[in-house]
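Open your viewer and get ready to select residues by number. We will go stop by stop.

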Amino acid sequence: MDATIVIPTKNGGELFEKVLNMIYRQETNYTYEVVCVDSGSHDNTVNVIRKYGCILKQIPKEEFGHGKTRNLGASLGTGEYILFLTQDALPVDTHWLQNFLDGMKSDPEIVGGFGIHYPYPDCNLLDKRDLELHFQGFGETNTVYQLKDPKRYKQDEGYRHLLAFFSDNNSCVKRSVFEQHPYEDVNFAEDQIWARQMIEKGYKKLYCPTAAVFHSHNYPLETYRMRYYDEYKGLLELHGYVMVHSWKEAIKLFLALARRDIRYLKSLDLSTSERKQWNGYAIKRNWYRVTSALKAGQYPGLSEYDKVKMDRKYSQQLQQRSE
């Protein structure tokens, strides 16, 4: 078997069936199988998995973990390469698998690759811009990354982020290496922790923009308070990165980010009422960003009791696992 496609599922809804439909429509000369690990769906997800003939493993919701659940899914297949998708990441076309594996096989030292994410048509304006800018930074064609400048890697935070970025919403790993170095059982950023470890071991990483998926979210505005907390806590654990260290820094950054977004919104063809609505959205969302980043930066200095208390209050990851 050339490839095992692993998808953790829970209440995937109608979109998940579209994902499976596109996976089974792939035009490729590679053989592949699909493994779904479901952690307590109570909608039609399990029936859809069975309909398409995927390998199905059901686990209690309490056993879910971003790293360990994907490790479990990978262990249930035999493919030389393991592709990780999320249930809401829809391959853009029928060449996604072929392009991914061709890229991975282009160099035996490539042990992991990630593909581009395109926003869904209903993606909100700011996430659409941020998603497009993020992936533009990795290149327009297949690009291989390897740690070649240890001094820069040690000193340059941006360079470390570039080399360590990895997204198992749409990724591919080499089984022979992954079985020796599986994901860690962590609450957040298991993919980027793994990529950093591989980069530091001297392996290569692939960015494959032709292995494209649609993947974006339209979360309620209030949700971003928790999402940013998880994001910046993850960056702290991964890179030791703290975006703001004090309220003074937080307010200064908030004003800069709000002005930036308002300038961007001004450049768009929006009605007066739409611009007013989006300006308010941008202001509130950036406030959530900097205040959540401040809380995340304070996390290491808290007592164990206060850490648990803060996670229960602000962590979306923790909340989702308990649902």
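In which helix is Met 22 found? Select helix α1, residues 13-23, and Met 22 is there. Keep in mind that this is a predicted model.

**Stop 1: Met 22**

Show the surface around Met 22. Its relative accessible area is 12%. Buried means under 20%, so Met 22 counts as buried. Now show its neighbours. Leaving aside residues up to four places away in sequence, Met 22 touches Leu 90, Pro 91, Val 92, Asp 93 and Thr 94. Met 22 and Trp 96 are 74 residues apart in sequence. In space, they are 9.5 Å apart, C-alpha to C-alpha.

**Stop 2: aromatic rings**

Next, colour the aromatic rings. How many aromatic pairs does the structure hold? It holds 29. Start with Phe 135 and Tyr 207. This pair is stacked, with 6.4 Å centre to centre and 25° between the planes. Phe 135 lies in helix α5 (residues 125-136) and Tyr 207 in strand β9 (residues 204-214), so the pair ties together parts that are 72 residues apart in sequence. Are these two residues buried or exposed? Both Phe 135 and Tyr 207 are buried.

Now select Tyr 183 and Trp 194. This pair is edge-to-face: 6.4 Å centre to centre, but 80° between the planes. Tyr 183 sits in the loop between α8 (175-178) and α9 (190-200), while Trp 194 is in helix α9, so the pair ties together parts 11 residues apart in sequence. Tyr 183 is buried, and Trp 194 is buried too.

**Stop 3: charges over rings**

Lys 205 lies over the face of Tyr 145, at 5.2 Å from the ring centre. Then jump to Tyr 299. Here Lys 233 lies over the ring face, at 4.1 Å from the ring centre.

**Stop 4: helix α9**

Select α9 again. Of its 11 residues, 8 are buried, so α9 is largely enclosed by the rest of the structure. The buried ones are Glu 190, Asp 191, Gln 192, Ile 193, Trp 194, Ala 195, Met 198 and Ile 199. Move on past the helix to Gly 202. Gly 202 follows α9 and has a positive phi, near 100°.

**Stop 5: helix α5 and its partners**

Return to α5 and show helix α12 (residues 272-298). At what angle do they pack? The angle is about 60°, and the axes are 10 Å apart. The two helices are therefore oblique to each other. From α5, pick Leu 125, Leu 126, Asp 127 and Asp 130; from α12, pick Trp 278, Tyr 281, Ala 282, Arg 285 and Arg 289. Those residues make the contact. By class, 5 are nonpolar, none polar and 4 charged.

The axes of α5 and α11 come within 11 Å and cross at roughly 100°. That makes α5 roughly perpendicular to α11. Leu 125, Leu 126 and Arg 129 of α5 meet Arg 260, Asp 261, Tyr 264 and Leu 265 of α11. This contact has 4 nonpolar, no polar and 3 charged residues.

Conventions: Residues are numbered from 1 along each chain as its sequence is written. This is a predicted model: local features need pLDDT of at least 70, side-chain atom pairs count only at pLDDT 80 or more; totals for chains, interfaces and linings use all residues. Side-chain values use heavy atoms; hydrogens and water are left out. Rings of Phe, Tyr and Trp (its six-membered ring) pair if their centres lie within 6.5 Å; planes under 30 degrees apart count as stacked, over 60 as edge-to-face and the rest as tilted. Helices (H or I, at least four residues) and strands (E, at least two) are DSSP runs, numbered from the N terminus. Buried means under 20% relative accessible area, exposed over 50%, partly exposed in between (1.4 Å probe, protein chains only). A charge sits over a ring if NZ of Lys or CZ of Arg is within 6 Å of the ring centre and within 35 degrees of the ring normal. Axes are lines fitted to C-alpha atoms, for helices over the stretch in contact, and angles run from 0 to 180 degrees between N-to-C directions. Angles under 35 degrees count as roughly parallel, over 145 as roughly antiparallel, 65 to 115 as roughly perpendicular and the rest as oblique. Contact means heavy atoms within 4.5 Å. Ala, Val, Leu, Ile, Met, Phe, Trp, Tyr, Cys and Pro count as nonpolar, Asp, Glu, Lys and Arg as charged, and the others, Gly among them, as polar.
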